[in-house]
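Work through the exercises below with the model open. Try each task before you read its solution.

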Amino acid sequence: MRAPRTIDLFAPADLPARSAPRPAVQPVAPRALPPRAIQPSRAPLWLGVHVPELSGPGQPGTSRALLVLAARAQRFTPRVSLAPPDGVLLEVRSSLHLFGGVEGLCAALLGECAELKRTVTLAFAPTPLAALVGTRAQRPFRVLDAAQLTGSLAPVPVTALRWPQETIERLACLGVRTIGQVLRLPRAGFAQRFGTMRLTDLDRLVGRASDPRERFEAPARFRRRRELSYESASHAQLAAALRPLLAELGDFLTARQCGVLALECLFWHRRHAPTRCELRLGEPQADAQRLAQLLDERLRTLALPEPVRACELRAGLPVARRLHSAGLWQPGERGGRAEASGIELIERLRVRLGEEAIETLQLVPDHRPEAAWCRAAPGASAAAASAPPPQDGPDAQGALRTAPRPLWLLPVPRRLPQHGGLPRYRGTLHLEGEPERIETGWWDGRDVARDYYNARDVHGRRLWLYRERERPHRWFLHGVYG
Amino acid sequence: MSSRHPSVASGAYAELHCLSNFTFLRGASHPQELIARAAELGYTALALTDECSLSGVVRAHVAAKERGLQLIIGAEFRLACGLRLVVLATDRHGYGRLCRLITVGRRAAAKGGYHLTREDLAATLEHCLLLWLPGAVAQAEEARWLGEVFPGQVWIAVELLRGGADRAWLAGLERLGREQRLPLVASGDVHMHVRSRRRLQDALTAVRLSVPVRQAGWSLHPNGERHLRELERLVRLYPPELLQETVRIARRCTFSLDELRYEYPRELVPPGATPASHLRRLTEAGARRRWPHGVPASERTALEHELALIGELHYEPYFLTVHDLVEFARSRGILCQGRGSAANSRVCYCLGVTAVDPQRGAGLLFERFMSKERNEPPDIDIDFEHERREEVIQYVYAKYGRERAALAATVILYRARSALRDLGKVFGLAPEGCARLAKTMQWWDGSEALDERLRAAGFDPEDPALASLVALARELVAFPGFPRHLSQHVGGLVISAGRLDELVPIENASMPDRTVVQWDKDDLDALGLLKVDVLALGMLSALRKGFALVNDLRGTHHALGTLPAEDPEVYAMISRADTVGVFQIESRAQMAMLPRLKPRCYYDLVIEVAIVRPGPIQGDMVHPYLRRRQAREPVEYPSAEVESVLRRTLGVPIFQEQVMQLAVVAAGFTPGEADQLRRAMGAWKRSGGLGHLRDRLIGGMCARGYSPQFAERIYRQMLGFGDYGFPEAHAASFALLVYDSAWLKHHEPAAFTAALLNSQPMGFYAPAQLVRDARAHGVEVQPVDVCASEWDCTLEHRDAGQPALRLGMRLVKGLSRAGAERLVRARLAGVFSTVEDLGRRTGLERGDLEALAAAGALATLSGNRHLAFWDVAGVERPLPIEGATERDGVDVLSDAPRPGPSARQAARPLLAAPTEGENIVGDYASLGLTLGRHPLALLRDTLKRKGVRAAQEIVTLGHGRAVRTAGIVLMRQRPAAAGGVTFVTLEDETGQVNVIVWERIAEAHRETLVSARLLEVHGRLQREEGVTHLIAGGLIDRTALLGALLTRSRDFH
């Protein structure tokens, strides 16, 4: 084997040169300039923030927590970029002097993070990728000088590059486990074996190639306040006062093709703390008119401690909304959106009566009468409410073969007194027909073993009774036929 | 309907629609339970009508005969159109048609399912009675069709199950019956023998639908009425004539499985000959080969006796069948050998089925090879080379056709693991929870208490749902175990003269090109059907390869059974327990026995093979035998008869045959009863005692003048034998292979090791131990090398002594055989100069090249593994893109043309060479072995600091010493017979340590014991008769240290 002629081709040759040393004596300025901070360089300096909690394969793309962190980071520099799922990049060269240098900046940023209850690691490097890699390496990484970059990166494991596992494994096969070892590989050979994309990654890492980063912008939230020219406690007046705010919200949302799931109104009073009025929606809404309607319903039931001087509208985070055009038919008309109007009714009822007040009934496939139905939130899939027992399967029990059941079941079966082995309920009962035997439900601790009978009481009412199969064979009333 | 049989009592009833648990995941009772319950309730008859299956009928048949209950054979079907019915066989012809119908349905669908149409039904069924099962809404059309196609054979089944509208349902069916002129009959849609199986039945339904039981909803039965109901209840529910009709139908179904008469295939006899004359001709021809100087007089008498017995029982075709298979194998050069009682007959010796020379066996083996009284088919298992057995199976299918030959089934039973996994889902446990639960229960047999284990695994045993789960699991696992599905037997082939599918239904196996009958081995035995076991044996493959290597090298003509017999050097090696790789006697338990037993002749090997089995160990036969063998205890017999049975084993029963013979000579059993005893021995542990056989046995011995102590001891020994007694007949054949493999190991260790490596996977040891052992015996082992290796391991000639063993590319993980062979072909054209050259000339896939690099097989071309990977990664890739090339230091300054391959070769990086640790780890990962140092050698300093001693040191320490040691876990075993003890073998660079882990310690360190690859053990030494064990007191998982081999090497640069 011949000794390779070329190694270490990643020397940071084309990094921006450091600015020329400043003159020893500053010329006296003809007019007073604000005292400018002395900056050794205008070359960018990147601060990488790594949030270990957000790492891991289970993490989605950009999490809320990361957005919050990025928004906070904007306090330090306008040049913030996201590196999902667990990193944020700050370009801080020009902010250093504002925060007392590297240490001061670190302390301030760590303080912010502590406030957000996030543990983070920080690293400084002349390139964004190196800053990220440095933070992930879990060791102090403060490279302010481009000349020291490759040396500082050398002991960092290649895994910090977040290359595909397959690439990492193939590098391991070469005995290459650190970035220093990668950087010593021949360029052409490396590109040939691992692809030019990986080579570009390395060039960006050491600053041989530019690495543009998209600037982070915090998503806007809608928040408007309106001072009233009068004090009012009338809900109609308040509704009218809110209307222009809602119209603005509508425009705001439409422009972004978004909707909101929650709204909050605050009403300011002279002495009392502001009254809050929250509105939650079944699906993302952007229609100002709908929102006004719903808010209107809500305001009717709102109790105000004293007249209102100002109102404010705050919308929740805008969320993506399924767009649809207006229907041709009016609600209720043939082909009109009966389904949609059903949802509207439910929403209106919810707003009026409270979230929990609206329920629907659903059938449950279970042989036990008391377990054969349940309450459910409206809008829950109606599919589960399947009809009668299926006709297929060797176990199927057919319609023809099962006895009718009453629609009205007692909430709890009522124990019946008995006389001579037969039940009594406000007098003697006449048992009719033949028993239906139900034995099931052992899996949830409500095992039943009963024989159901139809019976007529002295008034001729038809009742549904059962007799427990276990001794002492108690009798219960379970339902009444209409 | 008027009763035409006034004698029928008003309460008489025959259940005509009854599923057992062979309708998998529907029926919730064993056939035996159903029969027993039906008999108890006084039923006139019971029809077993599993869904499109007769898998349970033989068990039911045997149970029904015992109970004196009439069993009707039938099956339930759901046709593709939705029509449901029960078919009952009236006679042999009807039974044959039923079998064919099931076969048609099963063969038309994937394994486990069936597909039948009305046309199939109309075309196939004759001599059967049909019960129409009306659907939820009775379809008159179905009834009409059935009535028209099968006039006079169709009934409407009335199943009143207390749905609340039984009367209306009955009235509706009566009306329908009048309209369609079909009679009605009562039936019960029975799914279980007693009501209390309701929960299990619900749970099985949920398993079938793979939903949690709470979501199974309407698919569950509303109540538990589908059991065998008491007659008085039925009388109250059904009109009397419907009940009487069941009895009338039962009377028309006269078929019994006893009528099945099996006929052997006839085509093996040439025209003009009879089976007897043909067998005699073949036997005589063989005798001339075996005894070229004339058959000795004693052998002649024995031969005549055997032939007479075979003739009397008409077993000639069976022997001809076996002979045919053996001949086929021989013609293809496939090694095979028969074993089993009949296999060790002189007839089989002459036919070449076995090589057990009667004289070598001292004439002791052939006392009983078949018994007239037992009327049981002779038992011959034939072992074939494991890699080539499929050829034999396909030969049988081709020769006899799929209507006449099929594999026997194996009924897969619920085990703790599968039961808990399935039930976990039923109870809605998350998959992770199911897996954890199943893992907890790994070695559970349904009997011991579980609370502790459950708690340890993070479950609350008090939780009612968990308690039900465990209770249901117990029901599934309890003897004889719930069947879960049918699978194929390892090699039992059933061949018949006529249509096999009129004898028993045939279905598809999961393997393509395989078909199986619906009965398992015991079913076939119970009905006296012929089965030839075509088994796969790895050692036969290894021996053929070993002989070939030796013959090639030395010009000899070694073959099975032709090696120089009774070589004392071979026995000396065996007695040293130097038996890694030797057939049968290589296991740890066997190795512990060898120095004590010190085999000196062939028959000692027969005993050695049989004695290290759970049966003799639990029956406490081992120590008495050893004491007598070492003359530390007198050999005495209570009577001459007993002496005749036990003399060859010094008065201690070791073989299964001896136990049965003892029952005959000492307790007065008939051979038939003795056979019953053998079966009972297999099952007593799970069914609880031998019961009445015990009284017969002890009583019989006492009556014949044996002391009660002796009788009791024999009885206990029999109990201990249990399932695990080994027949002498099998041991005798195995012992031949033991000798042959030991001979090869002693005289030709290189060839022996190569043959074993080339037959993997097989045997007890992994390649690492085999290679290690070969090197310990002075064999030079060469690494896998693309410049020298073939696919198989080969021998390289050396001028003196043993040849060197060159490891083959078959050891390389991830390398395709086709790729390796292409490489070997390309190499014929000239040596490879570089990896680039190799890649170009072989056109190997990237995966194959990387596998070779990982194996270190490119070392000759590349240097080390790292460079090999670099070279491999550069082979045959598209040329680099411009941007990358122009910066390459080679040509960025000079305007040289783009570099050719050699220039690229030159631009190799300065990669750090792998460390020794990395190389060892790499070797293990790819080859499973290393020719470098043992990994523990690298860790020795670390271990020493922890006070851990090497295996070699331990050998020098005394009994009772407390020690710590650590090693790679070679194997863990938990033999059923060892009473909860786990045996672990550790290996370090100096040798092996055998560790015994008692149950208490095992429970306390479960996780470590099951998963550690590098294990540290603290314990005390136990030393007995030259055998050393370490009794574990504590276990520590040191697997992380192995990983450290890599990690540390990383820190070095």
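**Exercise 1. Helix H7 of chain A**

Task: In H7(A), which residues are buried?

Solution. Start with the cut-offs: a residue is buried if 20 or more other C-beta atoms lie within 10 Å of its own, exposed if 12 or fewer, and partly exposed in between, with C-beta atoms placed from the backbone. The buried residues of H7(A) are A:Arg187, A:Ala188, A:Gly189, A:Phe190, A:Ala191, A:Gln192 and A:Arg193. Now step past the end: just after H7(A), A:Gly195 takes a positive phi of about 95°.

A note on the source: this is a predicted model, where local features need pLDDT of at least 70, side-chain atom pairs count only at pLDDT 80 or more, and totals for chains, interfaces and linings use all residues. Residues are numbered from 1 along each chain as its sequence is written, while chains are lettered from A and ligands numbered from 1 in the order in which they are written.

**Exercise 2. Chains in outline**

Task: State how chain A is divided, and how many helices and strands chain B has.

Solution. Chain A has domain 1 (46–206), domain 2 (224–320) and domain 3 (404–480); such bounds come from an automatic or database domain assignment. The C-alpha centres of domain 2 and domain 3 of chain A are 55 Å apart. Turn to chain B: it has 46 helices and 22 strands. Helices (H or I, at least four residues) and strands (E, at least two) are DSSP runs, numbered from the N terminus. Of the 1053 residues in chain B, 48% are buried.

**Exercise 3. Two helices of chain B**

Task: Find how H36(B) and H38(B) are oriented to each other.

Solution. Take the axes of H36 (residues 846–855) and H38 (residues 865–873) of chain B: they come within 8 Å and cross at roughly 170°. Axes are lines fitted to C-alpha atoms, for helices over the stretch in contact, and angles run from 0 to 180 degrees between N-to-C directions. H36(B) and H38(B) are therefore roughly antiparallel (under 35 degrees is roughly parallel, over 145 roughly antiparallel, 65 to 115 roughly perpendicular, the rest oblique).

**Exercise 4. Strands of chain B**

Task: In which sense do E20 and E22 of chain B pair?

Solution. Strands pair if DSSP finds at least two bridges between them. E20 (residues 991–997) and E22 (residues 1027–1037) of chain B pair in the parallel sense over two bridges. B:Val995 stands opposite B:Leu1030 in E22(B).
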